[in-house]
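Take a brisk walk through this structure.

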Amino acid sequence: MYDLIIVGGGPAGLTAMIYAIRKRLNALLVSKDLGGKTQYHLELPWIEDYQVIRGLEIVNKFKSELEYLDFARQMESVDVIEKRLDGFIVRTRGGGDLEARAVIIATGTKQKRLDVPGEREFMMRGLCYSALSYAPLFIDRKAAVVGDGELALRSAAELATVAKHVHIIGLKKAVLNTALGKKLQAAKNVTVLEGYQVVEVLGNKFAEKLVVKDPKGQQEELEVEGTFVEMSLAPNSQMVAKLVTLDELGRIKVDPQGRTSLPGILAAGDVTDTFAEQVLVAVGDGAKAALSAYDYLLPAL
Ligand SMILES: Cc1cc2nc3c(=O)[nH]c(=O)nc-3n(C[C@H](O)[C@H](O)[C@H](O)COP(=O)(O)OP(=O)(O)OC[C@H]3O[C@@H](n4cnc5c(N)ncnc54)[C@H](O)[C@@H]3O)c2cc1C
């Protein structure tokens with residue numbers, strides 16, 4: 001039986017694993033990949049890498065350390081985690097069962113996609129998720145945000161503080177009626193396209209135009225220099241949904257030390273109700289969860 005299994009190899013899981021190794025825990029990282037979402041980033045001709053806080057130095061350092069330690073990782077998908085008397089069973093998709101006295105969930109989120117022609121072709125080349133990471137770079141640029149809820153509203157509001165123009169496509173009435181929604185509707189550099197849908201993304205090297213359809217089915221083209229798809233983030237928390245408390249968005253509820261409602265299960269990064277989906281936040285959360293797991297395990301070490 002392992003002392004600790006960490007599920008997820010993004011910034012949160014990698015950091016937790018390196019801490020666990022330093023603490024001499026008998027630990028295993030199980031993940032579909034190493035690096036998680038740090039493998040993706042928005043490319044646009046005017047964006048220089050140094051302008052974005054990507055946290056890659058630390059993540060890549062931990063990643064290469066783990067690539068070298070092949071006994072400490074298993075590249076596989078986890079389906080479910082079950083409680084047993086003296087710990088937990090981690091059931092993998094390949095059919096193997098792993099056992100540990102404590103588990104850290106660091107499985108991130110899944111983005112909802114547009115599912116329209118051109119999305120795949122231009123993804124990360126003018127079309128992206130995470131306005132939170134890139135909005136400040138859109139000074140005097142034309143941007144668009146696609147989404148119906150709070151995430152889209154917040155993203156549009158941040159872009160509107162610097163951009164020349166922001167189109168918001170698909171926001172729900174209830175969201176438009178909030179204080180921020182009303183402020184955006186009144187802003188000179190914002191156009192709210194209520195009831196519209198994106199039907200295609202067009203461009204050459206980068207996405208340059210969105211084809212949108214109004215509620216009557218009429219189509220028009222919008223010129224954009226950057227589009228953010230901010231529809232929703234679905235947390236990959238199903239594997240522990242029956243064991244720990246989730247919030248209304250399906251995120252794992254954690255305390256400031258990364259502890260969930262069930263002792264022995266900890267969580268870190270985007271899959272939790274932590275504030276802000278950012279690499280360095282996930283790194284910090286991963287460190288805290290590993291140290292908390294160590295405290296949990298210490299009496300029996
Ligand atoms: C396009 C894009 C650009 C971004 N740009 C920036 C940026 O510039 N700066 C910044 O700070 N943040 C940026 N972010 C946000 C940042 O990438 C995330 O906040 C961060 O990666 C979260 O880390 P994490 O470890 O919690 O989750 P993730 O990075 O999502 O990692 C989750 C890990 O869990 C694994 N996993 C998931 N389900 C399972 C399963 N069932 N079994 C096994 N393994 C599983 C995945 O394979 C992955 O390894 C960006 C996000 C996106 C989408």
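The count of salt bridges comes to 17, a salt bridge being a side-chain nitrogen of Lys or Arg within 4 Å of a carboxyl oxygen of Asp or Glu. The model is predicted: local features need pLDDT of at least 70, side-chain atom pairs count only at pLDDT 80 or more, and totals for chains, interfaces and linings use all residues. Residues are numbered from 1 along each chain as its sequence is written, and side-chain values use heavy atoms, with hydrogens and water left out.

Start with arginine 101 and aspartate 3. They form a salt bridge, with the closest N and O atoms 3.0 Å apart. Arginine 101 sits in strand β6 (residues 97–105) and aspartate 3 in strand β1 (residues 2–7), so this pair ties together parts 98 residues apart in sequence. Strands are DSSP runs of E, at least two residues; helices are runs of H or I, at least four; both are numbered from the N terminus.

Arginine 101, at 21%, is partly exposed. The cut-offs are under 20% relative accessible area for buried, over 50% for exposed, and partly exposed in between (1.4 Å probe, protein chains only).

Next, glutamate 221 and lysine 209. Their side chains meet in a salt bridge at 3.5 Å, N to O. This pair links distant parts of the chain: glutamate 221 is in strand β14 (residues 219–223) and lysine 209 in strand β13 (residues 207–213), 12 residues apart. Glutamate 221 is partly exposed at 48%. Lysine 209 is partly exposed too, at 30%. Elsewhere, salt bridges that share partners join Glu82, Arg91 and Asp97 into one network.

Now the helices. Helix α5 (residues 150–160) packs with helix α7 (residues 179–186) at an angle of about 45°, their axes 10 Å apart. That makes α5 oblique to α7. Oblique covers what is left after under 35 degrees (roughly parallel), over 145 (roughly antiparallel) and 65 to 115 (roughly perpendicular). Axes are lines fitted to C-alpha atoms over the stretch in contact, and angles run from 0 to 180 degrees between N-to-C directions.

Ile53, Ile58 and Leu280 make a nonpolar patch of about 290 Å². Patch residues have over 30% relative accessible area and no salt bridge; nonpolar side chains (Val, Leu, Ile, Met, Phe, Trp, Tyr) are joined within 5 Å, like charges within 9 Å. Isoleucine 58 belongs to helix α2 (residues 56–68). At 32% relative accessibility, isoleucine 58 is partly exposed.

Terms used: Areas by Shrake-Rupley, 256 points an atom, 1.4 Å probe, with all protein chains shown as cover.
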